[in-house]
Amino acid sequence: MTEHSYPHSHVFYRKLRRTFPLIVRGEGCYLYDSAGRSYLDACGGAFVVNIGHGVAAIGDAMARQAARVAYVNGTAFTHEPVEALAAALASRAPGDLELAYFLGSGSEAVEAALKLARQYWVERGRPTKHKILALVPSYHGNTLLALSASAREHYRVLYRDWLVPMPRVPAPYPYRCSCRGQGRLCAACSGDALEAAIRQEGADSVAAFIGEPIGGSSTGASVPDPAYWPRVREICSRHDVLFVADEVLSGAGRTGTWSALEPYHVTPDLLVMGKGIASGYAPLSAILAPRRIVDVIAEGSGGFLHAQTFSHHPVCCAAGLAVLDYLDRHDLVGRCARIAPMFHAALEPLRALPHVGDVRGRGLLAGIEFVDDKDTGAPFPRAAHFAESFADAALEAGLVVWPNVGQADGTNGDLALLAPPFTIKAHDIATLVTRFRLALESTVAAVMSRS
Ligand code: PLP
């Protein structure tokens with residue numbers, strides 16, 4: 001039997017020192033490999049599979065579209081799936097975000113949204129507005145402009161000379177903030193730090209601010225104070241800075257509302273979506289934009305300067321449309337909101353375990369932060385590779401989690417993120433917690449024996 005590891009296969013694997021289980025089937029929250037093992041997919045792959053694995057209706061819709069017309073050039077033609085999906089996303093989006101531009105990945109959509117912000121200011125006759133402000137910690141993707149916006153040092157280090165400088169604003173991250181999330185006057189947690197950064201750079205030079213409404217892998221499901229995003233919105237409007245909300249991870253219902261900004265009653269100028277909108281059945285992302293921005297370009301140059309062969313792709317849009325239909329027919333965003341209290345109540349006791357510093361999140365998104373010292377919150381040294389060892393131990397226990405590192409200070413810090421399909425049942429949540437505990441016990445034992 002072929003071993004699925006480098007160099008035994010022709011695949012240039014994403015990890016070159018790992019043997020990969022060969023997944024042959026997915027159903028609901030579970031994945032099955034060729035050796036007959038099952039895995040509870042507690043992070044929907046990478047925060048993607050919101051409706052669960054193996055929904056035949058989505059594949060059927062894609063096949064029908066591919067048989068009818070698989071591809072047309074988006075500069076020459078339009079087609080039914082893109083028209084219908086754009087209308088469906090516009091009807092769900094907050095405020096005046098009525099227009100949808102489709103791409104494949106979150107990185108591409110972030111990249112394009114930042115370019116759109118720049119083009120908008122140039123065509124409005126304000127070409128000095130070119131800087132992008134971004135949070136730290138943050139993650140917006142791995143293409144070079146998206147990586148420039150990301151405060152993710154281990155991804156950036158090799159490419160630093162190619163990245164665009166983006167002034168940093170401290171992210172609202174209560175667990176690691178000196179105010180512990182209690183400080184109404186804390187610059188990071190209140191949003192005042194953004195105002196200071198805009199003043200420092202000069203509003204005339206700032207095109208946009210980008211942030212994740214609820215922390216994704218960067219701050220591990222940290223939920224900002226209810227006053228935070230209204231304050232950011234007010235600051236951006238007052239300084240003529242476009243507010244770009246990166247909902248690639250938190251959007252599409254993941255936090256119990258279609259947009260994670262809904263409970264904040266805030267409309268961004270541009271909303272970026274990805275991952276969950278096609279639930280992993282096809283690569284699909286979108287920028288949602290208002291007419292007040294697109295009109296400027298329509299009346300100016302006449303088109304957004306961002307050409308990609310596969311934008312507005314018929315089969316990917318058909319997948320997105322079928323996923324939205326499935327979410328609606330099964331009321332899955334409502335289910336996500338309804339099951340969330342039980343999910344978080346089941347996770348809460350993990351807080352008492354050794355080396356669990358914090359448990360947090362909203363909807364079916366949770367972050368469990370691991371620390372060396374629970375009293376001080378001191379992280380493990382990076383060399384311990386705690387998060388990675390935990391994810392390996394979890395896989396061994398039949399549980400797929402998302403490990404994340406570096407959030408404490410750019411280098412150190414260990415997290416496990418959970419984002420199960422919205423169809424997860426109470427008994428699956430119990431299984432998840434049991435396997436999580438087992439994995440943590442064996443990780444602590446292994447890390448301690450190495451130190
Ligand atoms: N933005 C956020 C908030 C993300 O979490 C991610 C990916 O994890 C991206 C952007 C990049 O998306 P992709 O990996 O699809 O390029």
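## Strands, a pocket and a buried serine

Asp246 stands opposite Val272 in β9. This is a predicted model, so local features need pLDDT of at least 70 and side-chain atom pairs count only at pLDDT 80 or more, while totals for chains, interfaces and linings use all residues. Residues are numbered from 1 along each chain as its sequence is written, and side-chain values use heavy atoms, with hydrogens and water left out. Helices (H or I, at least four residues) and strands (E, at least two) are DSSP runs numbered from the N terminus.

**Around β9**

- Strand β8 (residues 242–247) runs parallel to β9, with 4 bridges between them; two strands pair if DSSP finds at least two bridges between them.
- β10 is joined to β9 by 3 bridges, and here the two run antiparallel.
- Met273 has Ala286 in β10 as its bridge partner.
- From strand β9 (residues 270–273), Leu270 and Val272 point one way and Leu271 and Met273 the other, and all are buried; that word means under 20% relative accessible area, against over 50% for exposed and in between for partly exposed (1.4 Å probe, protein chains only).
- In general, side chains in a regular strand alternate between the two faces of the sheet.

**Around β12**

- Strand β12 (residues 365–370) is mostly covered, with 6 of its 6 residues buried.
- Leu365, Gly367 and Glu369 point one way from β12, and Ala366, Ile368 and Phe370 point the other way.
- Strand β11 (residues 356–362) runs antiparallel to β12 and is joined to it by 6 bridges, with Gly361 partnered by Ala366.
- The hairpin of β11 and β12 has 2 residues between the strands, and Gly363 takes a positive phi near 60° there.
- Strand β15 (residues 414–418) is also antiparallel to β12, over 5 bridges; Phe370 has Asp414 as its bridge partner in β15.

**The open sheet and its helix**

- An open sheet of 4 strands runs in the order β1-β2-β3-β13, with mixed pairing.
- Its edge strands are β1 (23–27) and β13 (399–400), each pairing on one side only.
- Strand β2 (residues 30–33) pairs with strand β3 (residues 38–41) in the antiparallel sense over 3 bridges, and Tyr30 has Leu40 in β3 as its bridge partner.
- Helix α14 (residues 426–450) packs on the sheet and touches β2, β3 and β13, its direction making about 105° with that of β3. Contact means heavy atoms within 4.5 Å, and axes are lines fitted to C-alpha atoms, for helices over the stretch in contact, with angles from 0 to 180 degrees between N-to-C directions.

**The second largest pocket**

- About 680 Å³ of space lies in the second largest pocket. A pocket is an open set of points on a 1 Å grid over the protein atoms alone, where a 1.4 Å probe fits, with protein on both sides within 12 Å along at least five of seven lines; lining residues have an atom within 4 Å of a point. Grid points are joined across faces, edges and corners, and the volume is the space filled by probe spheres set on the points.
- Its lining has 30 residues, with Gly74, Ala100, Tyr101, Phe102 and His312 nearest the centre.
- β4 gives the largest share of that lining, 4 residues.

**Ser107**

- Ser107 lies in helix α4 (residues 106–123) and counts as buried because its relative accessibility is 15%.
- Leaving aside neighbours within four places in sequence, Ser107 is in contact with His140, Gly141, Asn142, Thr143 and Ala146.
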